[in-house]
Amino acid sequence: MGSNFGGGAVFNGASPSSHPQIVARIVRDYVPAGGRVMDIGGTAHGFKAQAVLPAGARLVIVNPEPGVGADVADTSHIPLTEPPFDLAMLFGVILQLPKEIVREIFSLARQRLRAGGTMLVADPDPTGVAGTIDRYSKAIFTPHKKFFVHTPAETRQMLADAGFTRFTDRPDLRPAFRQPPYYILAASF
Ligand SMILES: C[S@@+](CC[C@H](N)C(=O)[O-])C[C@H]1O[C@@H](n2cnc3c(N)ncnc32)[C@H](O)[C@@H]1O
């Protein structure tokens, strides 16, 4: 992929999507048989490559980047006639986006989830030392890209503003010994 830190790439080892046993836990907890999953900012070699979905389940990759195996470029391109989703994931994406775009993505995803469905957000925690070093490294190695700071508290507030009402921290979906540590937040309504 163009940015060189998508699923499985060198900067992405701490994402839940890079670890088959964590992907399996996500599927177990959030994807029923026949369920529907939206991987926003996903790639064909990330979560999709690792996941064994239950019978009849479907995964839709939403990503504007060409050549990553996306089904659609934007959530709004998924036909409204399609049934609602059980799970929307956003792993390692919001650090690339300003708050107004993150808010738009949360709001669109909220509209396409079924009541009781889950939005799972995982992003490098920018508040710690490792997160700060990670941000500076990315800025050095990918100077053409801009990075944004969204603390866990800010992300939770943006989710609440988009209509999510229930929040669960899922540190158990964080790969052990991988840096920078991600914060992982499950939101539902
Ligand atoms: C670090 S990479 C993907 C990591 C992937 N989610 C994983 O866990 O392996 C970040 C991705 O976010 C995508 N992205 C950037 N802006 C986006 C947007 N507005 N909507 C969806 N995806 C976006 C980029 O194209 C890039 O492929």
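Leaving aside neighbours within four places in sequence, which residues is methionine 119 in contact with? In this predicted model, the list runs to Ala88, Phe106, Ala109, Arg110, Leu113, Leu159, Phe164 and Ala187. Met119 also turns up, with Ile40, Ala88, Met89 and Leu90, among the residues that touch the most other members of the largest nonpolar core, a set of 43 residues. Two or more core residues come from each of α1 (20-30), β1 (36-40), β2 (58-62), β3 (85-91), α3 (99-112), β4 (113-124), α5 (152-161) and β6 (182-188). As a general matter, nonpolar side chains in soluble globular proteins tend to be buried together.

Helix α1 is worth a look of its own. Its buried residues are Ile22, Val23, Ile26 and Val27. Viewed down the helix axis, these fall within an arc of 145°, so they line one face of α1. In an α-helix there are 3.6 residues a turn, so residues three or four places apart point the same way. The buried residues of α1 pack against α2 (47-50) and β4, while the face turned away from them carries exposed Gln21 and Arg28.

Then there is aspartate 71, which sits in the loop between β2 and β3. Asp71 has 17 C-beta neighbours inside 10 Å and therefore counts as partly exposed. Beyond four places in sequence, Asp71 touches Val60 and Ile61. From Asp71 to Ser188 it is 117 residues in sequence and 24 Å in space, C-alpha to C-alpha.

As for confidence, the chain averages a pLDDT of 92, and 94% of the residues score at least 70. Over residues 1-10, though, pLDDT stays under 50; the model has 27 contacts beyond four places in sequence for this stretch.

Terms used:
Residues are numbered from 1 along each chain as its sequence is written. This is a predicted model: local features need pLDDT of at least 70, side-chain atom pairs count only at pLDDT 80 or more; totals for chains, interfaces and linings use all residues. A nonpolar core is a set of buried Ala, Val, Leu, Ile, Met, Phe, Trp, Tyr and Cys residues joined through C-beta atoms within 7 Å. A residue is buried if 20 or more other C-beta atoms lie within 10 Å of its own, exposed if 12 or fewer, and partly exposed in between; C-beta atoms are placed from the backbone. Helices (H or I, at least four residues) and strands (E, at least two) are DSSP runs, numbered from the N terminus. Two residues are in contact if their C-beta atoms, placed from the backbone, lie within 7 Å. The arc is that of the directions from the helix axis to the C-beta atoms. pLDDT is the predictor's confidence in each residue, from 0 to 100.
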